[in-house]
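Dear colleague,

I am handing over the structure below, together with some notes for a reader who has not seen it before. Please read the notes with the structure open beside them.

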Amino acid sequence: VTLAASAGFCFGVKRAIEMAYAEIEKNNGAPLYSYGSLIHNKEVTKDLDAKGLHIIESLDGIDEGTVVIRSHGVGKFLYDALAEKGMRMVDGTCPFVKKIHTIVNEAWNQGKSIIIAGDGKHPEVQGINGWCGNTAIILESPEEAKAAVLDTEKDYAVVVQTTFRQSKFDDMLAILREKGLKMEISQTICSATEKRQKEAMELSQNVDKMIVIGDKKSSNTQKLVEICKKNCENTVHIETICDLVLKTFKKDDRIGITAGASTPPAIIKEVVVTMSEIENVNVEEVSFEQMLEDSLVTLHTGDVVKGTVIQVVGEEVSVNLGFKSDGVIPRGEFSRDTTVVPSQVV
Ligand code: SF4
């Protein structure tokens with residue numbers, strides 16, 4: 001079982017999630033919101049909601065409390081609106097995205113026109129546009145760059161969405177140069193996405209089966225699935241271990257695992273541990289398929305079962321359920337009461 005080195009949370013998403021949980025920990029009952037979903041992962045948003053951090057899409061009717069900004073960032077209007085209402089803000093904007101906001105805002109204040117290479121429907125691009133009064137020219141493809149009517153007398157500042165493909169951006173720049181534009185170009189693509197995709201491609205070329213973990217709606221996860229399927233036809237996309245049909249895996253399979261940028265470490269760990277257990281089963285003592293079958297029929301999602309606490313390591317509680325692998329309960333799933341310390345109650 002091989003886990004891709006950069007599977008799961010990127011730096012920016014991890015930072016925003018940690019800021020949100022830290023805010024929940026110290027919150028004393030005041031209203032707490034995230035502006036848009038913090039992360040494309042149902043399990044995490046459900047957990048955050050249960051702990052008191054609720055998603056809002058606008059500030060209409062909201063006049064008090066704290067708002068957490070997601071890693072994609074937001075336009076200047078929200079900073080101004082929160083200041084005007086006297087509300088607190090926890091800025092989870094990824095520093096790489098924040099840097100683009102600064103570049104765009106400074107260039108705009110100097111009278112330059114802004115070009116953003118990216119998907120105009122994506123919240124990150126919409127947020128960037130909000131730092132130049134929503135005046136940016138947004139170009140999604142070389143075709144759009146070709147068709148754009150631009151003024152060679154003007155000064156342009158060009159930035160690019162952090163998750164944009166470098167080769168596509170290079171093609172667009174070549175077209176804009178051909179038009180003879182005066183441009184200041186900022187290379188603002190983040191290497192995290194490219195690195196994750198490259199690793200997924202290499203790993204999927206060398207395994208029998210590939211597992212991609214991530215929310216079905218997460219576009220970066222879908223992209224990973226697409227890449228892996230090109231190299232490994234036995235690629236499956238799962239959201240959690242519950243979606244995995246274990247019977248389709250054999251002891252000698254070489255299994256590769258990767259995960260989208262919004263997949264929490266606990267979900268990845270559960271998949272890796274389960275797959276590693278398959279690897280370690282002694283097939284001589286009992287039919288592997290049979291043993292797997294026997295052990296799996298006893299547990300289903302939603303079952304309420306009794307177990308024995310084996311150990312508490314750090315903030316994780318390990319529980320023996322009579323299942324092949326032990327259950328691991330991370331701190332965040334142990335109790336809705338954020339003041340509960342697992343090592344003090346078990
Ligand atoms: S992909 Fe890069 S820019 Fe986007 S949140 Fe992650 S680290 Fe930040």
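**Notes on the structure**

Q187 is partly exposed, because its relative accessible area is 46% (buried means under 20% relative accessible area, exposed over 50% and partly exposed in between, with a 1.4 Å probe and protein chains only). Please keep in mind that this is a predicted model, in which local features need pLDDT of at least 70 and side-chain atom pairs count only at pLDDT 80 or more, while totals for chains, interfaces and linings use all residues. Residues are numbered from 1 along each chain as its sequence is written, and side-chain values use heavy atoms, with hydrogens and water left out.

To stay with Q187, this residue is found in the loop between strand 9 (182-185) and helix 8 (191-204), where helices (H or I, at least four residues) and strands (E, at least two) are DSSP runs numbered from the N terminus. Not counting residues up to four places away in sequence, Q187 touches V160, Q166, F169 and L173, contact meaning heavy atoms within 4.5 Å. With Q166 there is also a polar contact from side chain to side chain, at 3.2 Å (a pair of N or O atoms within 3.5 Å; within protein, one must be able to donate a hydrogen and the other to accept it, and residues adjacent in sequence count only if both atoms are side-chain atoms). From Q187 to M275 the sequence separation is 88 residues, and their C-alpha atoms are 40 Å apart in space.

A117, which is placed in strand 6 (residues 113-117), counts as buried because its relative accessible area is 3%. Its contacts, leaving out residues up to four places away in sequence, are L139, V159, V160, Q161, F164, F169 and M172. Between the C-alpha atoms of A117 and K247, which are 130 residues apart along the chain, the separation is 45 Å.

K209 lies in strand 10 (residues 209-213) and is likewise buried, at 14% relative accessibility. A polar atom of the K209 side chain lies 2.5 Å from the backbone oxygen of T248, and the residues that K209 touches, beyond four places in sequence, include T248, D253 and R254.

S6 is in the loop between strand 1 (2-3) and helix 1 (11-26), and with 18% relative accessibility S6 counts as buried. Apart from neighbours within four places in sequence, S6 is in contact with K195, R196 and E199, and its side chain makes a polar contact of 2.6 Å with the side chain of E199.

N134, in the loop between helix 5 (123-129) and strand 7 (137-139), has a positive phi of about 55 degrees although it is not a glycine. N134 counts as exposed, at 54% relative accessibility.

Which residues surround the ligand? They are C10, G12, C94, F96, T162, C190 and T193, each with a heavy atom within 4 Å of it. This shell divides into four nonpolar, three polar and no charged residues (Ala, Val, Leu, Ile, Met, Phe, Trp, Tyr, Cys and Pro count as nonpolar, Asp, Glu, Lys and Arg as charged, and the others, Gly among them, as polar).

For the protein chain as a whole, there are 13 helices and 15 strands, and the C-alpha trace spans about 80 × 50 × 25 Å along its principal axes. Of its 346 residues, 47% count as buried.
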